[in-house]
Amino acid sequence: MHHNAIITITNLRLRTFIGFNEEEKTKQQDIVINAEIHYPANNLCLADDVDNALNYKNICKKIIHHVESGRFLLLEKLTSDVLGLCVDHPWVRYAQVRIDKPHALRFADSVSLTLSYEADHDDISQGGRQS
């Protein structure tokens, strides 16, 4: 039997430089990150073996460091970078990242961008992507 594990990071609230007008280049803005990462849950991680589970704490730390220490002109670039951090493990089969910029538009709660990644069938049959 194959189990599909899904890690979900919900409403990770960070601040970063995002945008290309003068005010955006000098003042950090709030962003909200939601991520979903799918990987096969093998029998070892289901048996409580720490070494055989995907470490979501490490992934989260990498996201926080990259976002808070970076400067981004486009939401697309920021979202793509975060997605790259989420899929930086050969076990990952699928991942999706959504980043919201609250108050980016006057009459909207937020503007968001979503990007997703799906492993090629060839990659899966060969045991994952090459890093």
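Lys 101 is buried, with a relative accessible area of 11%. Buried means under 20% relative accessible area, exposed over 50%, and partly exposed in between (1.4 Å probe, protein chains only). This is a predicted model, where local features need pLDDT of at least 70, side-chain atom pairs count only at pLDDT 80 or more, and totals for chains, interfaces and linings use all residues. Residues are numbered from 1 along each chain as its sequence is written, and side-chain values use heavy atoms, leaving out hydrogens and water.

Lys 101 sits in strand S4. Strands (E, at least two residues) and helices (H or I, at least four) are DSSP runs, numbered from the N terminus. Beyond residues up to four places away in sequence, Lys 101 touches Ile 18, Glu 24, Gln 29, Asp 30, Ile 31, Leu 75, Ser 110 and Val 111. Contact means heavy atoms within 4.5 Å.

Now the strand pairs. Two strands pair if DSSP finds at least two bridges between them.

| Strands | Bridges | Direction |
|---|---|---|
| S1 (residues 3-18) and S2 (residues 29-41) | 12 bridges | antiparallel |
| S2 and S4 (residues 94-102) | Seven bridges | antiparallel |

Leu 12 has Ile 33 in S2 as its bridge partner. Val 32 is bridged to Asp 100 in S4.

Ile 33 also belongs to the largest nonpolar core, which has 30 residues. Such a core is a set of buried Ala, Val, Leu, Ile, Met, Phe, Trp, Tyr and Cys residues joined through side-chain atoms within 4.5 Å. Ile 33, Ile 63, Leu 78, Val 82 and Cys 86 have the most contacts inside this core. S1, S2, helix H3 (56-69), helix H4 (75-86) and S4 each supply at least two of its residues.
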